[in-house]
Amino acid sequence: MKRKRIMSILLAATMVASLATSFTASASEDTDNGDGSYYNSELGYTYGTTFYSDEPVTYTMFFNDNDAYPINDSWFEEGGIFYEITQATNVTLDVTIVNNASYTDKVTLAIAGGTAPYIIPKIYSETSYVTGGGIVAVSDYIDYMPNYSGMIEEYDLQNEVDTLLQDDGSYYRLPGLKETALQDYSLLIRSDIFEAAGYDVTELEDDWTWDEFTDILIDVKAYMVEQGMISESDYIWSDRWCGATSGYGQGGCLLNLIAASYGIYSGWGITSNSAGLYFDEENDEFALSATSDQYKEYMTVVQRLVSEGILDPETWSQEDDTADGKFYRGETALISTNRSFYTTQVDGLTSQLGEGNFSVYEIVIPTGNNNYQAEKTRLECGVCISSLALSELGEDEFIKMMRFVDWLWYSEAGLTLTKWGVEGETYTVEDGVYSLTDGYYCGGLSIAQTSDDQVDLRMEKGFACGNFMYSGSLELLTSNFSEELKDYYNRMAEYRELKDIDPAIAMTEDDSEMANLWATPLQDTINTWTLKFAMDQADIEADWDTYVAEVEAQNASSLVNLYNDYYQASK
């Protein structure tokens, strides 16, 4: 590992030197404005801390449209996010709108066909796009991106960015860059019910295990049955982000959270490494999550929750709205949450149960065999750039577009605009505290509605939307946090640790293609069995050998060996 660390240091040094050379070389052409911005007189634009094109320019962009806050015409009208981006930069974004459920499929087809819009945000995994030549090696252009490069240096992110490198030594996705990792997803409980059942979770959550948490849930259910709130055949936990709407046939959020507490990948996390490979630090090698001892441990937790009548097996197939309705009506006592959806959930409870008739609390996830939080990387989903942009714009105009991308996704000004809107119109800042102006609330920022005449900033104007908002300083990332969220993150920092990221594996084009060919059917087999286990339709002990045999039949060993061959060669 020592050699690898040295290589990372050399890469970082090379990047900084290259950046300095680029800005020195361009000094004869560009005017230093003295405020962190430069003016390119040849092409007529300002870049750096601000971006502005003298002449109007249009760039095409994919837009991931989320059903929870669907795009509408007002986003393009005065005061809307796209209008304000144009006002700030003189750039018009010509968006191709694609529903979240089919976004990956349509992006893949467009990239393969060479017809993708120039800018492609909200990309979690770009490896499958690299070999066809449909996207640009963005690392070749970071010298022209002072905000992006500055974040990497200031937040010491080079080692994490190195994990994006492909076999050719380049990377093809500009990731979201965060100063620190913040565990977004957790569980929201009805603390009033837990307390009535005799449990003060604030005294238990620092080191509770999944078995202990399950025992508590059994008692909570017994209390709810005794009080006539539910019947014995009912479940007190029916979750969202796991089923038909957003589970993607993988088990979604919840399986990811529980599996991470055992050091492996499942649910949403199965794509974190090809088909859910994880790095086994004790044995210094990659291994397959789905056939590990840890998988059996984590799935035993899931099956116990189902068999004890706690967790609704419909969790893995139902619509998110169905899970929400059960929680809002008081039929269940807990549900998955995140910082964007917290306020929506509180509002939902209020609408059904009435203000003052409930209390909620976001808990720290129980431990499995480790004390790590599920989210360990400071990189987020990011932006790919279509090769069509380079071929149609030409080198100089392409660099201009990259400077715009650098400002919109990585500058403090751009990130603040896409998160909060326009200062003085949609928000104010006083003594470092951000507040929405009187006419707005925002579910996406967990800022609740306080009067009937307020409109939702995200729903009506498009700010705080997921296509832009995934980078920034700790101050900006937490600028919208309520006291409840700040309390949650303080507890997370106190009770849980951040795990090291897995080693980077950069394969040749041929090996990467082979890995993808193996991983796709393998992942399908794992997901099918995982959901059978999760729904208690298969027994983790009795059916284990059959399951492992089916997994191994899908070239599992070949995939693991390929990763380990590359890992050993990189040491």
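Hi everyone, thanks for coming. Please keep in mind throughout that this is a predicted model. The stretch to be careful with is residues 1-28, where pLDDT stays under 50. The model does give that stretch 27 contacts beyond four places in sequence. Still, where pLDDT is low, the predicted coordinates should not be read in detail.

Let's go inside. Which residues have the most contacts inside the largest nonpolar core? They are Trp-237, Tyr-295, Tyr-298 and Tyr-547, in a core of 85 residues. Helix 18 is the biggest contributor to this core, giving nine residues. If you have the structure open, click on Tyr-547. Beyond its neighbours within four places in sequence, Tyr-547 touches Ala-290, Tyr-295, Ile-526, Trp-529 and Phe-533. Apart from this core lies another, with 66 residues, and Phe-63, Tyr-69, Ile-81 and Cys-381 are among them. As background, nonpolar side chains in soluble globular proteins tend to be buried together.

Now for a helix pair. Two packed helices are described by the angle between their axes and the distance between the axes. Here the pair is helix 18, residues 509-534, and helix 20, residues 556-570. Their axes come within 9 Å and cross at roughly 145°, and the crossing is left-handed. Who makes the contact? From helix 18 we have Asp-511, Ala-515, Trp-518, Ala-519 and Leu-522. Helix 20 answers with Ala-556, Ser-558, Leu-559, Leu-562 and Tyr-566. By type, these contact residues split into eight nonpolar, one polar and one charged.

Let me stay with Leu-559 for a moment. Is Leu-559 buried or exposed? Leu-559 counts as buried, because its relative accessible area is 0%, and the cut-off for buried is under 20%. Leaving out neighbours within four places in sequence, Leu-559 contacts Ala-515, Trp-518, Ala-519 and Leu-522, along with Ser-274, Ala-275 and Leu-277.

From Asn-564 to Ile-218, 346 residues apart along the chain, the C-alpha separation is 43 Å.

Next, some backbone details. Where is Asn-555 found? Look in the loop between helix 19, residues 544-552, and helix 20. Asn-555 has a positive phi, near 65°, although the residue is not a glycine. With a relative accessible area of 33%, Asn-555 is partly exposed. Ala-464 is another non-glycine residue with a positive phi, about 60°. Ala-464 lies in the loop between helix 15 (457-461) and helix 16 (474-477). Ala-464 is buried, at 1% relative accessible area.

On to helix 14, residues 412-420. How many of its nine residues are buried? Seven of them are, so to speak, tucked away, and the helix is mostly covered. The buried ones are Gly-414, Leu-415, Thr-416, Leu-417, Thr-418, Lys-419 and Trp-420; note that a lysine, Lys-419, is on that list. Just after the helix comes Gly-421, with a positive phi of about 95°.

Two last stops. Asn-370 is in the loop between strand 13 (360-363) and strand 14 (379-385), and this residue is buried, with 13% relative accessible area. What does Asn-370 contact beyond its neighbours within four places in sequence? Ala-260, Ser-261, Tyr-262 and Gly-263. Asn-370 and Ala-260 are 110 residues apart in sequence, yet their C-alpha atoms are 8.8 Å apart in space.

Finally, Ser-351 belongs to helix 12, residues 342-353. Ser-351 counts as exposed, at 57% relative accessibility, because the cut-off for exposed is over 50%. The C-alpha atoms of Ser-351 and Thr-528 are 37 Å apart, and the two residues are 177 apart along the chain.

Definitions and conventions
Residues are numbered from 1 along each chain as its sequence is written. This is a predicted model: local features need pLDDT of at least 70, side-chain atom pairs count only at pLDDT 80 or more; totals for chains, interfaces and linings use all residues. Side-chain values use heavy atoms; hydrogens and water are left out. Axes are lines fitted to C-alpha atoms, for helices over the stretch in contact, and angles run from 0 to 180 degrees between N-to-C directions. Helices (H or I, at least four residues) and strands (E, at least two) are DSSP runs, numbered from the N terminus. A crossing is left-handed if the near helix is turned anticlockwise from the far one by less than a right angle, and right-handed if clockwise. Contact means heavy atoms within 4.5 Å. Ala, Val, Leu, Ile, Met, Phe, Trp, Tyr, Cys and Pro count as nonpolar, Asp, Glu, Lys and Arg as charged, and the others, Gly among them, as polar. pLDDT is the predictor's confidence in each residue, from 0 to 100. A nonpolar core is a set of buried Ala, Val, Leu, Ile, Met, Phe, Trp, Tyr and Cys residues joined through side-chain atoms within 4.5 Å. Buried means under 20% relative accessible area, exposed over 50%, partly exposed in between (1.4 Å probe, protein chains only).
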